[in-house]
Amino acid sequence: MELKGKRVLVVGTGLSGIAAAKLLISKGADTIVYDANADLCEADIRSKSEALRNVKIVLGQIDAQALAGLGLQLAVLSPGVPLDVPLVQLLKEQGVVLWGEIELAYRCAKGRLAAITGTNGKTTTTALTGEILKSHFADVKVVGNIGIPYTSLALEMTDQTVTAAEISSFQLETADTFCPEVSAVLNITPDHLNRHHTMECYRAVKQSIVKNQKPGQTCVLNYEDEALRTFGNKLQENLNVIYFSSKTKLERGLYLENGSIFLASADGVKKLLDVCELNLLGTHNYENVMAAAAVTLALGVPLEKIVQVLKSFQAVEHRIEYVEEIAGVRYYNDSKATNPDAAIQGIRAMERPTWLIGGGYDKQSEYGDWIQAFDGKVVKLVLIGATKEKIAKEAEEKGFTDIIKCESLEEAVSCCHDNARPGEAVLLSPACASWDMFVNYEKRGQIFKEIVRGYLQKG
């Protein structure tokens with residue numbers, strides 16, 4: 001679609017929405033910015049970019065007549081906009097073409113693209129993929145759900161650009177022609193069921209990352225996810241499928257065995273490294289390492305460069321991030337563990353008796369598997385947020401009763417600081433989203449670190 005002169009509605013005024021609006025304006029589209037929150041201030045929205053100075057801004061609820069009066073031809077939805085809200089239904093009824101922010105970016109971008117999705121591990125794998133690509137290619141972009149909107153860099157991309165994109169299920173819902181040269185699905189476990197409603201729908205959205213890929217292109221999959229293994233076996237008729245595994249010795253692919261990572265290919269088996277050479281903790285991170293290696297191998301990065309970067313890469317912020325040691329107690333920030341499966345990986349990575357801070361916004365998750373993963377390692381479960389009563393009840397039903405309920409993150413950290421003993425750890429790994437108490441998981445993690453370091457300064 002030629003964007004110049006088209007009347008386009010951008011839905012949402014967060015990072016993705018503003019970046020999409022700027023891209024549309026630069027392409028000559030007649031752009032309107034919309035947000036359902038009537039309490040927002042137009043001036044504050046315009047202040048986010050000089051490009052928005054003269055655009056029309058619409059705030060609050062909008063009915064069918066008013067929407068029709070805008071004369072729209074295209075609407076670009078921010079990832080946070082569910083497809084079943086009344087506005088989207090009205091847009092469909094009026095025949096307006098719907099794109100997501102990544103669809104807009106993909107149509108405007110150039111170069112080669114690797115796209116990474118999955119319930120957990122996306123950010124670490126995408127960041128690691130980007131670092132490996134930078135060791136070999138001159139022009140590399142790292143975009144998407146990692147915090148840099150794809151649309152914000154799309155016009156900087158050339159035919160020589162190689163892009164690593166973290167793609168969420170919310171973004172995949174509105175993808176149309178989006179087609180990565182290399183895709184990766186790291187795992188699919190229950191999450192966001194308040195939006196996708198069923199695991200079948202959630203799984204289908206994640207797997208749709210391959211829907212436009214062409215014969216000969218590559219899809220990287222987790223062999224230990226049974227549904228993905230079945231999915232991959234079907235894909236092999238058209239795509240180059242590369243599996244990685246933390247439990248199974250593969251005839252082809254990357255696998256973990258006896259503390260080492262190996263690559264099995266037509267040329268034989270090569271040892272890449274021992275996991276003790278990595279700066280990342282936990283089996284889930286070894287899976288992320290194998291996935292990033294598989295993606296970058298498919299893009300043509302030499303194996304020796306891949307291994308070199310793997311050995312030097314540091315953990316991303318908010319994912320089992322070491323913060324400080326105070327009076328013999330180590331503090332870790334795992335705020336990015338916004339669902340039970342991610343939090344399971346966090347507690348498994350701990351090598352000390354652990355005071356675990358959990359709880360937050362309710363995404364209709366179940367917490368039984370997380371609680372069972374405590375496995376004698378959790379000293380106390382310190383709960384905060386909207387889910388604290390729900391989690392406490394599930395924990396007690398599972399036989400875990402060492403529970404403390406707090407009203408704030410500050411109180412939770414204070415409780416741990418006052419009671420944890422030398423040789424123990426304090427882990428913020430909520431198993432929940434942050435939206436009941438914080439704007440995002442990043443802010444939650446930043447505040448946690450500030451509180452912890454405040455105790456360090458007090459001595």
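This is a predicted model: local features need pLDDT of at least 70, side-chain atom pairs count only at pLDDT 80 or more; totals for chains, interfaces and linings use all residues.
Student: Why are α12 and α13 called roughly antiparallel?

Tutor: The axes of α12 (residues 283–298) and α13 (residues 303–312) cross at roughly 150° and come within 10 Å. Angles over 145 degrees count as roughly antiparallel, and the pair is therefore given that description.

Student: Which residues make the contact of α12 with α13?

Tutor: From α12 come V289, A293, T296 and L297, and from α13 come L303, I306 and L310. The division is accordingly six nonpolar, one polar and no charged.

Student: How do you know that α17 is oblique to α18?

Tutor: The two axes cross at roughly 40°, coming within 10 Å of each other. Roughly parallel requires an angle under 35 degrees and roughly perpendicular requires 65 to 115, so a value between these ranges is oblique. That makes α17 oblique to α18.

Student: Is the crossing of α17 and α18 left-handed or right-handed, and which residues meet there?

Tutor: The crossing is right-handed. L409, E410, V413, S414 and H417 of α17 meet R444, I447, F448, I451, V452 and Y455 of α18.

Student: What describes the packing of α1 and α5?

Tutor: Two packed helices are described by the angle between their axes and the distance between the axes. For α1 (residues 15–26) and α5 (residues 101–108), the angle is about 35° and the axes lie 10 Å apart. The crossing of α1 and α5 is left-handed.

Student: How many residues of each class are in the contact of α1 with α5?

Tutor: S16, A20, L23 and L24 of α1 meet E101, L104, A105 and C108 of α5. The tally is six nonpolar, one polar and one charged.

Student: What makes β15 and β19 edge strands?

Tutor: Six strands form an open sheet of mixed pairing, in the order β15-β16-β20-β17-β18-β19. Strands β15 (321–326) and β19 (403–405) each pair on one side only, and they are the edge strands. The twist from one strand to the next averages 20°.

Student: How do you know that β17 and β20 pair?

Tutor: Pairing requires at least two bridges. Strands β17 (residues 354–358) and β20 (residues 425–428) are joined by four, and they run parallel. Within this pair, L356 stands opposite L427 of β20.

Student: Which helices pack on this sheet?

Tutor: Helix α17 (residues 409–419) touches β15, β16 (329–333), β17, β18 (378–383), β19 and β20, and its direction makes about 175° with that of β17. Helix α18 (residues 441–458) lies across β15, β16, β17 and β20, at about 20° to β15.

Student: What is the strand order of the nine-stranded open sheet?

Tutor: The order is β7-β8-β6-β9-β10-β11-β12-β13-β14, with mixed pairing. The edge strands here are β7 (140–144) and β14 (268–274), each of which pairs on one side only. G253 has A264 of β13 as its bridge partner. Helix α13 lies across β13 and β14, running at about 25° to β14.

Student: How do you know that the radius of gyration agrees with that of a compact globule?

Tutor: A compact globule of 459 residues would have a radius of gyration near 23 Å, and the protein chain has 23 Å, so the two agree. The C-alpha trace spans about 65 × 60 × 40 Å along its principal axes, and the chain holds 18 helices and 20 strands.

Terms used
Residues are numbered from 1 along each chain as its sequence is written. Side-chain values use heavy atoms; hydrogens and water are left out. Helices (H or I, at least four residues) and strands (E, at least two) are DSSP runs, numbered from the N terminus. Axes are lines fitted to C-alpha atoms, for helices over the stretch in contact, and angles run from 0 to 180 degrees between N-to-C directions. Contact means heavy atoms within 4.5 Å. Ala, Val, Leu, Ile, Met, Phe, Trp, Tyr, Cys and Pro count as nonpolar, Asp, Glu, Lys and Arg as charged, and the others, Gly among them, as polar. The radius of gyration is taken over C-alpha atoms; the globule rule is 2.2 Å times the number of residues to the power 0.38. A crossing is left-handed if the near helix is turned anticlockwise from the far one by less than a right angle, and right-handed if clockwise.
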